[in-house]
Amino acid sequence: MKRSARLRLVAAFCLAPALVPGPGFASPAGAPPAAAVRPAATAGAARAPKPAAAARPVASGKSDPLAGLRSGVDQFLQEREEANWANWAGGEPSRLTEVYARHADLFTPATIARVKGAQNATRDPRERKALTFLRRFLEGECVARACVPLEDSLANAMLSATVPVDTGRVPWFQLQGWMANQPDHAKRLAAYAGQDSLLEALKPVRQARLDLLRREASALGYASRFEFYQEQKGIRFTDLEKEVRAFLAATQGVYDSGLTAFAGQLKLSREELRRPDISRINRLTRYDEYFRADRMLPVMVQGFAAMGVDVSRQRNIRVDAEARPEKNPRAACFAVRVPGDVRVSVKPAGGLQDYMALFHEMGHAEHAACTRQERMEFRYLGTAAYTECMAFATEYLLEDPAWVSANLYMDRDDLWNYASQASFLRLLLVRRYAGKFLYQMDLHRGGVRPEDAYLRNMRLALGYPMDEHDARHCYEEDEGFYEADYLQAWFLEAMLKARLRAKYGPAWYASPKAGEELRTLWNAGQETTAPELAGKLGYGRVDQRPLADALRAAIHGPGPRGLPDKD
């Protein structure tokens with residue numbers, strides 16, 4: 001999971017009662033390690049594994065005038081990710097301000113000018129690409145550095161915040177889970193409205209952060225925050241906007257019918273549906289028996305093993321599954337040192353979303369841990385769309401009916417309904433990000449009140465009523481066009497899956513050769529851009545059509561005909 005300053009995814013163990021941890025693997029709570037295996041962590045600590053050998057920093061030639069800068073960036077990234085890990089997995093206060101202060105010399109106009117000069121001088125296309133990644137990173141961090149005190153303030157406020165619910169108060173970061181498990185519509189609405197005072201209190205800090213971003217981008221010579229982030233991501237937002245609007249139009253009919261059906265399952269009309277009800281819809285509680293917390297890690301290991309990836313033997317990946325109370329419950333991947341020290345924090349609770357989050361973060365972990373790039377820029381930098389595509393490729397195994405049948409032993413009568421509903425939930429999520437992206441585009445064009453622009457675009461994308469409680473989230477959603485990376489990644493994942501199915505058949509995920517092809521993509525690290533990956537997959541652009549087609553087919557579903565009987 002890529003997040004800006006963290007404000008912002010062989011042995012088969014399917015029959016075992018708990019995952020037996022291999023080297024570098026943390027035991028689930030309550031599951032003792034096998035006698036022959038050294039546990040990776042002790043209870044109550046978010047301890048790092050013994051580090052594997054790191055890829056050495058490599059210069060572009062025999063004499064690299066930027067070697068010291070590259071080494072400094074490498075060290076900064078490791079320290080920042082360590083701080084993010086301690087905050088997320090250990091519940092420690094954010095200390096990003098300290099990390100940035102130790103490396104202040106990296107993020108200056110003079111440093112950026114040095115890199116820009118080298119970028120303009122080189123005739124080597126690969127060197128120019130690496131320097132472009134480095135320059136963009138330095139510019140992004142130069143802008144972000146000014147906001148670090150505000151980021152720390154926001155992170156610490158959210159870490160300690162609580163929200164009133166009918167039984168007392170819950171930590172703010174656990175509210176989504178609480179609403180997902182709350183069967184009463186009125187209580188969900190009340191809890192959702194209970195965030196209002198917190199969101200209002202944070203609004204001035206978020207506005208101050210946005211103003212700072214604009215000023216810092218201007219100081220670097222960018223006409224607007226929009227132009228700055230467009231350069232950061234290396235894409236034309238207007239081109240992506242056309243794909244996004246085409247996707248919304250192409251999926252409107254299947255989305256409308258699916259949303260009405262889901263509202264009916266909650267015994268609500270379409271007009272009664274509200275945003276907190278979506279948390280409940282996402283749970284798909286009917287299928288909880290198949291997504292037990294104690295089987296989550298074994299199923300993950302089994303699924304990767306079928307592709308020839310033995311997670312339990314990867315010493316450079318550590319999965320921390322201890323249920324510490326201070327730990328953020330959401331799964332997250334932290335590439336502390338690529339490829340030698342990659343960590344995944346997970347707090348198994350069970351349910352579809354919990355499984356999908358783990359599979360998503362393990363996609364990130366495999367991508368980082370299998371990176372074979374020596375250049376620092378191609379190990380860490382670049383844009384997020386490529387690595388999010390890799391994460392989605394493993395996450396959405398959980399939507400494939402045949403995969404679910406083989407790995408989760410779902411009853412024949414449940415399977416096709418489940419697969420159709422799970423695909424609808426993905427459609428709902430993609431449309432939500434589409435609405436957020438279009439909201440950002442409206443802000444760029446100007447002349448709009450943020451709350452009004454947010455409600456207009458989210459209503460367009462999601463099609464259920466919204467009110468002032470929803471409008472307060474507009475400042476929370478403003479995270480620098482990060483939606484653009486995710487939207488590209490969703491489109492790319494469908495393009496990648498189409499290729500894998502064409503080459504290895506519908507059950508590509510059971511083919512070690514398909515696993516080899518994925519590892520080749522993981523080996524590339526961050527060097528490949530989204531348009532370059534689209535070209536390798538046989539497309540002229542990052543195209544929304546494969547995803548729209550796949551989701552329409554999956555949601556309508558072929559029915560139970562042809563589904564193999566279980567053993």
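Q: Which ring does the charged end of R426 sit over?
A: In this predicted model, local features need pLDDT of at least 70, side-chain atom pairs count only at pLDDT 80 or more, and totals for chains, interfaces and linings use all residues. Residues are numbered from 1 along each chain as its sequence is written, and side-chain values use heavy atoms, leaving out hydrogens and water. A charge sits over a ring if NZ of Lys or CZ of Arg is within 6 Å of the ring centre and within 35 degrees of the ring normal. For R426, the charged end is 3.7 Å from the centre of the ring it sits over, and that ring belongs to Y396.

Q: How are the rings of F359 and W403 arranged?
A: Rings of Phe, Tyr and Trp (its six-membered ring) pair if their centres lie within 6.5 Å; planes under 30 degrees apart count as stacked, over 60 as edge-to-face and the rest as tilted. Here the centres are 5.6 Å apart and the planes are at 90°, so F359 and W403 are edge-to-face.

Q: Is F359 buried or exposed?
A: Buried means under 20% relative accessible area, exposed over 50%, and partly exposed in between (1.4 Å probe, protein chains only). The relative accessible area of F359 is 0%, so F359 is buried.

Q: Which residues does D442 contact, leaving aside its neighbours within four places in sequence?
A: Contact means heavy atoms within 4.5 Å. D442 itself is buried, at 12% relative accessibility. Its contacts are V448, A453, R456 and N457.
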